[in-house]
Each structure stands twice: as structure tokens, then as C-alpha cells.
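Subject: Structure handover

Hello,

My notes on it follow below.

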Amino acid sequence: MLALIPLFPLVGFLINGCWYALFQAPRGCKKAGATVPGVIATLAIAASFVVALFGFIQLHAMGSEHRVIEQVLYNWITAGDLHVDMAFRLDPLNSLFTLVITGVGTLIHLYSIGYMGHDATPGKFFCYLNLFCFAMLMLVLGASMPILFLGWEGVGLCSYLLIGYWYTDIEKAKAGKKAFVVNRIGDFGFLLGMFLIFNTFHTLDFEALRTAVGTGGDLLAAHGADLGTVTAICLLLFIGCMGKSAQIPLYVWLPDAMAGPTPVSALIHAATMVTSGIYMVSRLNFLYSLSPTALHVVASVGAFTAFFAATIALVQKDIKKVLAYSTVSQLGYMFLACGVGAYTAGVFHVITHAFFKALLFLGAGSVIHGMHEEQDIMKMGGLKSKMPWTFITFAAGWLAICGIPPFAGFFSKDEILWQSFSSPNGSVVLWGLGALTAVMTAFYMTRLFSLTFLGKPRFDEKKLGSHHDNVVVHAPVHGHDHGHGHGHAHGDSHAKSGVHESPMTMVLPLQILAVASVIGGFMGMPHMSWLEQWLEPVIPVHEGAVALGGSMEWVLMGVSVAGAVIGVMVAFKFFAPSPEKSEASLQAALGVRNRWPVLNRMLDHKWYVDEIYEAVFVRPIQALSQGLWKQVDVAVIDRFVLGFGRVSAWTGQTIRVMQTGSIQVYALMLAIGVLATVGYLIYGLA
């Protein structure tokens, strides 16, 4: 039954895609509703969740040493020594990812029915959503690296389609292209790593590779491998993770991905694409654990990415951009855990992050829906009473990401910080970066929460929705308009009612995710972790430096909670009492603008990373491309090809003179030809 898990969303993709292509697109889609395609897509991914849950129950009933379910469909590739079956394998690790993808994915699909209610092309949108889930399920269920890479490339393609969904807006189209190009850079490293694996171990199947490597690396020599080869493989694969999971220096696509509809942001940033790198590293933990150098690189990049992205999030004003940089930062936490050898802690944070980050993104979408497309938190405030369900559920996600006990984020974040300090691969520096990032996370998320929901409104409610000023409708394409469609089109009952709560199709997923954000962390409680025992067949139990003792763990836990509380209290001090304060007033209070103007400008411009990339890579490549086009394509190739055309035309025009249409002329030319032939023969005989 494993093939049914990716099959259902594939069928949903085909149904919605064919229906849209055959019936909706030719008619302009001006009256297309989201209910029918939304229900089809939601039922498809929900069916996958049911099958995934059934598979999880089957695994749980098995013995811990035999928790594997495999299904081989057919032989996919046979080329020389390479034999790849189209095979799916379910084990304790990917069973968790499958449940998260299908479970959270179902809620996001349901939410999208209300959010995209008046979009011009909802069939196409849900078609893309189902295809995205299909690709992600292929990625995690694949029994070998080629199948994983098939899904890996599939989610890259779908991210391009979904981020640039409103492609008639040039900025949104550019954001989709940016995501696609940056991911291709990382994928090049992934391909090289996969080629090196096959060249070294002559297999790409995960179980066969695990057997070939051996638990302690004792079989490496038998394959002609050494530590340097393993390190090269791990680092090349990690380059792919940098792109797909948005780590420095390839993180720049993810903040721009906010150009897509908010459900897309929740799907990409919470439960699917960005977590694929953590899945791949965890899946190949037996390789990474053999290379201290590779682990050190993974941990260092993760810790620095977490800290770096958090500094940018401190000053963002776009509600989705704050959450985007928060996602980059949280992904850094996950790689920090994997880098110190605590793969289970990284997977744990993937699960809790899926709950509270999906909740936060969908809550942000609800705010944007209620505020009629407004995304600037400096123009919000006072939404607590106007959007009570969104406020309550968003508060659960806010407390979870801040790391306040007993919410889900507290347990996973604290486990990562403890392992980064106590693990033999950890250090005080890594722990310090993680702890400081936790304080900044609590600060900027409290800032976001306060400016959005607390205090007095900083907007004129009477103007919201009036005359549809805030509706963004793109230029017509193929006879129809591509509107955002968040319930603000003509005929919407809320179009002139100011700020309003979202419909139940949007609120219900928020409520379910809020419950998960509150209780989801108990599965990984320290020293009684069900998750650690569950993953042990795939990921050996990670032991920290036991010499530190249990008291140190409690001390660090207290420091972690204290840091989160300090971040929350400082943010409340500046924003909660009078949320009408602007960002400039906060910076003035902290003395940042006056004392460190350079730092202030750097944060405002996101450390000028995009500008540096534009100057160093984008513009030179564009200039080189234009030069090659003019000097080679136009000046050489075009002239060469067109020259042949001109010669052919000239030859035809010249020979055409002989085609007079006169029989006498043709007879004369025939006679001349005969005489020339006879003369040649006589001359030859002589």
C-alpha cells in the first residue's frame, strides 16, 4: 500500500489539472470557485494521510529491529552496474515525515479553500499543491537516492510554480525564478555527491549503502574508500541541503518566496520542501557520523545561519518576511542539531516546527485576509478583539516558537541547545550562538505579535475594503484576470465590512495546529523520549557528555527559558504598552540609530547580501551573456546561418533564368548536353 501514499495526490493533480485545462482555462475562469477543486485536492492528500497513519500503526506493531515496510513496483533504471528499482520503503524515520507532510498538508489544503475563494484559477492552484505533496512524498519514501532526487527536483519545480503563481506580477515571477536558480546551484553539489557515492560504494540504495559503510566504518577500506572520500560526499550533499533548506550562502531565495500565496508559504516553510535537507542528512547519518569535519561544517553553518537570519528578522515590517527569516533561523537550529550528532533532536524540531510555523503562516494569512491585503505590521494593531480566533491560535504559535514551556517549541529547542553544549561534537560557541538566537527569536516574535494584535488600531477601518482599493488584480492573461482572491473580489460579503474574522475553513486548521503546538512537544521529553526510542533502528541513540551530569542540563534549561522570557519582556516593554510606537522610536530608545548608524543600515538592507550577489554574480553573468549573444550568436552564428540562406536564394535566382518555359530552349540545352557528353566520351577513348 505504500505506493498509494504518493499516488493519491498525483491523482488529485491529474484530475484538477485536466479539469482546468479542458474546461476552465478555455472559458477564462472568471467564475471559477475554489470549493470543487479544493475538496478534490484536500480529499486526495487526506487519503494519503490515512494510508500513512495505517503504515505507522503497522510499523508500531512490529518489533523494533524489523520496522520496515517495502514495496517494489518495477525496475526503473538498468545501466551497466547501476540497477535502480522504483521502490518505496517505510521505516520509523520517514514515517514521521510522511505523517507531517500529509497531516499538515491536509490542513493547508483545507485552509486554501477559504483563502483562495475568489482566485481566478483555483483549479490550477490546487493542482500545483497536490503535485508539490506528491514530489515531497516521493522524496521521503524513496528507497534509493535517485528516487529521493526525483522528489528533490520535483519540489524545486513546484516551488517555482507556486512562488510565481501570480506570474503576471513581474516581482512575483522574479521570486519564483530566483528560487529555481538558487536551488539548481545546490542541486549540482547534490548530484556530484550522489555520483561519488555510486563510484565508491557501487550502490545508491539506502539500506545497501548502510550495509556497505558499516556501523563503524570498518567496511570502508573494502570499497577503497577513506575518510577524505566520505567527507567529500557529505560536503557535496550538504551543498544541496544549503539550497533546498535555505542555509548560508544559498538562503536568499526563501524570504523572496513570500511572493506566493500564504498557503504556499506555510507548505514550503513548515512541512515540506525546506525540511528535505534535514531528512537527507538524518537518513545518511551513518555517513556523516564518520566525518568529524563534515559534522563541524554542518553545525557551524547551521548555528551561524540561525543567528544571522534572526538579526534580519529583528527589523522586518512585513508580517510574512518576519516569519520567512524566522524559518531560515529555525532551519539553522535543525542543522546545528545534526552537526553535533543529535539527529533525533533535529528531527524532533522538524516536527514541532511544522506545527507552530504552519500555524503562524496560516495565522498571518488570516490577518492579511482580514486586513484586505495589508502586510505591514506597523499599520495593524488592535486585532485581538476583531479577530479573536486568529488571535488565540496565533498566540499558541508565538509562545511555541519563543520556547516558553510547556509549548512544543520549548522541548525541541532546549534539546538542541543541550546537545550543542554537551555533545562531543558541540562547543560553548555553538551553544552561545543558539542561545543568543533564542533570545532574539523571542524578541522579534513578541514584537510581531504585539504590533499585530495588541494596543490600538493604527489603521482606518472604514477605508479597509472600500472601493476594493486593496485588491491586487494582475494584468489579463489569456482572456482572464489573475487576482489574489483572498475573499475581496466583487460580491464578497466582507468586501466593505472592514476588518473581519476568517471563515471556518481557515479557522479550523488554525485550531488544530494550535492544539498540536501546545501538546506536540511531549513526545520528546528529556530522558523519557518516545521519539528517541522510535528512531533508534534508523538513528542510533546519541549520548551526550555524561560527565556534565544532570544538574548542568537543568541549569542550561533554566538559562534557555530565562533567555526566552527576557526576549519577550524586552519586546513587550517597547511595543505592548503603546504599540503605535514606530520602529524608529524603538531604535532610538535602544540608541542603535544614533550610536551605530552603520549597523542600523546593514540590518535595514538585510546585510546587503542580495546587493552583493547582484553585483558579484548576477550583473556580470548578464553582461557576459549579452556579450556572448551579440558577439557570437548574432555576429557569427546568425551570419553563418543567414549566409547559407542568402547563397541558396542567390543560386536559385541564378538558375531560375534557365527556366524559360520554351520547348525550343529546353531542346537546344538538351542537344548541347548530348554533344558535350559525346565529346567527352570521344575524348576519353582517344
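This is a predicted model. I began with the cysteines. A disulfide is a covalent bond between the sulfur atoms of two cysteines. With a cut-off of 2.5 Å between sulfur atoms, the count comes to zero disulfides. Two cysteines are worth a look here. Cys158 is in no disulfide. Its nearest cysteine sulfur belongs to Cys127, 8.9 Å away. Cys158 counts as buried, because its relative accessibility is 1%. Cys338 is in no disulfide either. There the nearest cysteine sulfur is that of Cys241, at 8.8 Å. Cys338 has 0% relative accessibility, so it is buried too.

Now the overall picture. The protein chain has 26 helices and two strands. Of its 686 residues, 55% are buried. Take the contacts with a separation of 6 or more: 80% of them are between residues 24 or more positions apart.

Next, helix packing. Two packed helices are described by the angle between their axes and the distance between the axes. I have two pairs for you.

Pair one is H13 (residues 292-313) with H18 (residues 428-453). Their axes come within 9 Å and cross at roughly 25°. H13 and H18 are therefore roughly parallel to each other. The crossing of H13 and H18 is left-handed. On the H13 side, the contact is made by Ala299, Ser300, Ala303, Phe304, Ala306, Phe307, Ala310, Thr311 and Ala313. H18 brings Leu430, Leu433, Leu436, Thr437, Met440, Tyr444 and Arg447. By class, the H13 contact with H18 has 12 nonpolar residues, three polar and one charged.

Pair two is H15 (residues 343-370) with H19 (residues 504-519). These axes also come within 9 Å, but they cross at roughly 150°. That angle makes H15 roughly antiparallel to H19. The crossing of H15 and H19 is left-handed. H15 supplies Phe355, Phe356, Ala358, Leu359, Leu362, Gly363, Gly365, Ser366 and His369. They meet Met506, Pro509, Leu510, Leu513, Ala514, Ala516 and Ser517 in H19. In this contact of H15 with H19, 11 residues are nonpolar, five are polar and none is charged.

Then the backbone. Most residues other than glycine have a negative phi, and most peptide bonds are trans.

- Ile248 to Pro249: the peptide bond is cis, with omega near 10°. Pro249 sits in the loop between helix H8 (227-244) and helix H9 (253-256).
- Pro405 to Pro406: the peptide bond is cis, with omega near 5°. Pro406 is in the loop between helix H16 (388-402) and helix H17 (408-422).
- His202: phi is positive, about 60°, although this is not a glycine. His202 lies in the loop between helix H6 (170-201) and helix H7 (206-213). It is exposed, with a relative accessible area of 52%.
- Lys606: phi is positive, about 55°, and again this is not a glycine. Lys606 lies in the loop between helix H24 (597-604) and helix H25 (609-656). It is partly exposed, with a relative accessible area of 22%.

Last, two single residues.

Ser420 is found in helix H17. Is Ser420 buried or exposed? Ser420 is buried, with a relative accessible area of 0%. Which residues is it in contact with, leaving aside neighbours within four places in sequence? For Ser420 they are Leu336, Val340, Gly426, Ser427, Leu430 and Trp431.

Leu162 is in helix H5 (residues 145-163). Leu162 is buried as well, with a relative accessible area of 0%. Not counting residues up to four places away in sequence, Leu162 touches Phe125, Tyr128, Leu129, Phe132, Gly260, Pro261 and Val264. Leu162 and Ala259 are 97 residues apart along the chain. Their C-alpha atoms are separated by 9.1 Å.

That is the set. Send me your questions once you have had a look.

Best wishes

Notes:
Residues are numbered from 1 along each chain as its sequence is written. This is a predicted model: local features need pLDDT of at least 70, side-chain atom pairs count only at pLDDT 80 or more; totals for chains, interfaces and linings use all residues. Side-chain values use heavy atoms; hydrogens and water are left out. Axes are lines fitted to C-alpha atoms, for helices over the stretch in contact, and angles run from 0 to 180 degrees between N-to-C directions. Helices (H or I, at least four residues) and strands (E, at least two) are DSSP runs, numbered from the N terminus. Angles under 35 degrees count as roughly parallel, over 145 as roughly antiparallel, 65 to 115 as roughly perpendicular and the rest as oblique. A crossing is left-handed if the near helix is turned anticlockwise from the far one by less than a right angle, and right-handed if clockwise. Contact means heavy atoms within 4.5 Å. Ala, Val, Leu, Ile, Met, Phe, Trp, Tyr, Cys and Pro count as nonpolar, Asp, Glu, Lys and Arg as charged, and the others, Gly among them, as polar. Buried means under 20% relative accessible area, exposed over 50%, partly exposed in between (1.4 Å probe, protein chains only).
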